[in-house]
Amino acid sequence: MRKGGELVKMTLKDLPQQDLFGPGNAGCRGCGAAIAGRQAMKVLGARTIITMPASCMATLSGLNQKTAWSIPFYHTLFEIAPAVSSGIRASLEAQGIKDVNVVSWAGDAGTADIGFQSLSGAAERNDNIIHVCYDNEMYMNTGGQSGSQTPIYAMTSNQQKGKRTGKKDMLKIMVAHDVGYVASATISHPLDLAEKFKKAAAHDGFSYIHIMAPCYRGWNIPTDQSVATARKAVESGFWELYEVVDGKKTRTHEPSFIPVSEYLMSQGRFKNLSTEQVKEIQDAVNSHFGRKEAK
Ligand SMILES: Cc1ncc(C[n+]2csc(CCOP(=O)(O)OP(=O)(O)O)c2C)c(N)n1
């Protein structure tokens, strides 16, 4: 943020006290998705419309006629949240309304699997919307099945011996759509997340933000460990924080490179991993960051 013409780093105190998503949501204790929603709304503000497909987040957003969103919130069919956002943007434009953020907010299945075609269409048209993927790496609302965002070897309800293939790189896929703003984020780095939402809201065109959002049930972690688990993902290099602006990638946080085993072994879903499998993942992280050897 700019103060007196100087660029000043934002602090938590600069974020508004008011919660536009939060009180009254029906999320589990420590729900990473709900924390992400609360953090993002502090930046997006009251002039925001959310569209959301079937997911945990849609379910926990409210019961009966009440919602935990203090802004317009539209629960869409599973495949079409970005398309509904595109339609809302077109309607706002026809009315000459320019100061509203239109956000499709979906889980990893609603983004990368079942919802992918409408997401790809909105990105290819460069529609002026923000798509958020909150990624708990499983289909949690239907019982924790694997999807394309589940990492290799993680145990899920339908792959109890661990997933055999790796995570599809949605960030690269969205960059390949040649859109102006693409970023990864997570709940352990709220200021980094806030800066990215600010940039996405200011960007005139399609933006994509992919948030790692730990889930205690699916990941088999204690309910008070979602933020700590996200931090381990970042500090081990398992989840890289970066943004791609007009095709140019910038890392927004340098990891301290704790061993990736500290991240993996704190979660029940990875308790089946052999030493070789942990090493394989560590080697992949090292190679991604251009590091020679594990600590
Ligand atoms: C067309 C369609 N297929 C399947 C479903 C069932 N369904 C509802 S939520 C869900 C999983 C959602 O997973 P994700 O998007 O990752 O969000 P999460 O529940 O993990 O937060 C599925 C398969 C549906 N509602 N509509």
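The buried residues of helix H1 are Gly32, Ala33, Ala34, Ile35, Ala36, Gly37, Gln39, Ala40, Met41, Lys42, Val43 and Leu44. The structure described here is a predicted model. With twelve of its 13 residues buried, H1 is mostly covered. The helix runs over residues 32-44, and the distance from its first C-alpha to its last is 18 Å, close to the 18 Å expected at 1.5 Å a residue. Just after H1 comes Gly45, which takes a positive phi of about 80°.

Strand E6 may be considered next. Why is strand E6 largely enclosed by the rest of the structure? Six of the six residues of this strand, which covers residues 130-135, are buried, and therefore the strand is largely enclosed. The two faces of E6 can be named separately.

E6 pairs with strand E5 and with strand E8. The table below sets out these pairings.

| Strand paired with E6 | Residues | Sense | Bridges |
|---|---|---|---|
| E5 | 101-106 | parallel | four |
| E8 | 207-212 | parallel | six |

Individual bridges can also be identified. Ala106 has Cys133 in E6 as its bridge partner, and Val132 has Ile209 in E8 as its bridge partner.

Which of the 18 residues around the ligand come nearest? They are Cys56, Gly107, Ala109, Met140 and Asn141. Helix H2 (56-60) and helix H4 (108-113) each supply at least two residues of the shell. The largest share, three residues, comes from H4. Divided by class, the shell has eleven nonpolar, six polar and one charged residues.

Finally, two other helices meet one another. The axes of helix H3, residues 81-94, and helix H5, residues 116-124, come within 7 Å and cross at roughly 35°. On the H3 side, the residues involved are Pro82, Ala83, Ser85 and Ser86, and these meet Ser118, Leu119, Gly121 and Ala122 in H5. The residues of this contact comprise four nonpolar, four polar and no charged.

Conventions. Residues numbered from 1 in each chain as written. Predicted model: local features only at pLDDT ≥ 70, side-chain atom pairs only at ≥ 80, totals over all residues. Buried ≥ 20, exposed ≤ 12 C-beta atoms within 10 Å, placed from the backbone. Pairing = 2+ DSSP bridges. Near = placed C-beta within 6 Å. Nonpolar A, V, L, I, M, F, W, Y, C, P; charged D, E, K, R; others polar. Expected span 1.5 Å × (residues − 1). Axes fitted to C-alpha atoms, helices over the stretch in contact; angles between N-to-C directions. Contact = placed C-beta atoms within 7 Å.
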